[in-house]
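Reader: I'd like to go through this fold piece by piece, rings and helices included. Can you take my questions in turn?

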Amino acid sequence: MRSITTMTLALLLGLAGLAQAADNKPLPTRPMAVWFYADWCMNCKLIAPKIAEVKPDFERSVEFVKLDVTNEERKLESRETAQKLGLYSLYMGNKATGWLALIDSSGNKVGELHQEMTVDQIREELSKIAVPTTTPATPDSAAPVEGLSP
């Protein structure tokens with residue numbers, strides 16, 4: 001009985017060491033927006049157009065990563081991606097889809113994006129971890145239309 005307990009302990013310590021080693025890998029120099037995604041996820045479908053709208057403003061300063069858990073094959077690929085990026089603990093601890101974790105350039109989770117947020121709120125949260133590379137058009141900055149006077 002004692003040898004089984006010792007063996008189990010050694011196995012658990014070994015697995016914990018693997019997880020720790022995976023998270024100690026160097027992170028990219030850019031902040032990340034890590035999307036926990038699945039094809040069947042309704043929240044993913046709701047947030048997708050919002051992310052598509054703001055992504056061009058941040059794609060040079062933020063690395064957008066999609067961790068797809070639609071099926072077992074994609075889960076395995078996403079787990080490997082998370083491991084390579086030093087996000088193994090975040091991936092393994094996640095229990096939901098349809099949200100994005102915001103990771104600063106030091107590798108700390110500093111925020112989240114959810115489907116109920118507006119595009120402006122999403123842009124504001126992303127601006128906390130990176131400077132937009134383009135400025136979104138606003139009604140004030142729109143070019144005047146010929147034939148119309150103010």
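This is a predicted model: local features need pLDDT of at least 70, side-chain atom pairs count only at pLDDT 80 or more; totals for chains, interfaces and linings use all residues.

Reader: Which elements are included in what covers the buried residues of helix 5?

Author: Start with the residues being covered: Val119, Ile122, Arg123, Glu125 and Leu126 are the buried ones in helix 5. Looking down the helix axis, they fall within an arc of 160 degrees, so they line one face. The cover over them includes strand 1, helix 2, strand 2, strand 3 and strand 4.

Reader: How many aromatic pairs turn up in the whole structure, and what kind is the pair of Trp35 and Tyr37?

Author: Searching the whole structure gives 2 aromatic pairs. For Trp35 and Tyr37, the ring centres are 5.3 Å apart and the planes meet at 80 degrees; planes over 60 degrees apart count as edge-to-face, so this pair is edge-to-face.

Reader: Is Trp35 buried or exposed?

Author: The cut-off for buried is under 20% relative accessible area. Trp35 has a relative accessibility of 9%, so the label is buried.

Reader: What about Phe36 and Trp99: what kind of pair do they make?

Author: Their ring centres lie 5.1 Å apart, with the planes at 20 degrees. Planes under 30 degrees apart count as stacked, so this pair is stacked.

Reader: How many residues apart in sequence are the parts that this pair ties together?

Author: Phe36 is buried, at 1% relative accessible area, and Trp99 is buried at 9%. Phe36 belongs to strand 1 and Trp99 to strand 3, so the pair ties together parts separated in sequence by 63 residues.

Reader: Which side chain does Thr70 join in a polar contact?

Author: Thr70 is in the loop between strand 2 and helix 3. Leaving out residues up to four places away in sequence, Thr70 touches Tyr37, Ala38, Asp39 and Trp40. The polar contact is 3.4 Å, and the partner side chain is that of Arg74.

Reader: What should helix 3 span?

Author: Helix 3 has 13 residues, and the estimate uses 1.5 Å a residue.

Conventions:
Residues are numbered from 1 along each chain as its sequence is written. Side-chain values use heavy atoms; hydrogens and water are left out. Buried means under 20% relative accessible area, exposed over 50%, partly exposed in between (1.4 Å probe, protein chains only). Helices (H or I, at least four residues) and strands (E, at least two) are DSSP runs, numbered from the N terminus. The arc is that of the directions from the helix axis to the C-beta atoms. Contact means heavy atoms within 4.5 Å. A polar contact is a pair of N or O atoms within 3.5 Å; within protein, one must be able to donate a hydrogen and the other to accept it, and residues adjacent in sequence count only if both atoms are side-chain atoms. The expected span of a helix is 1.5 Å times one less than its number of residues. Rings of Phe, Tyr and Trp (its six-membered ring) pair if their centres lie within 6.5 Å; planes under 30 degrees apart count as stacked, over 60 as edge-to-face and the rest as tilted.
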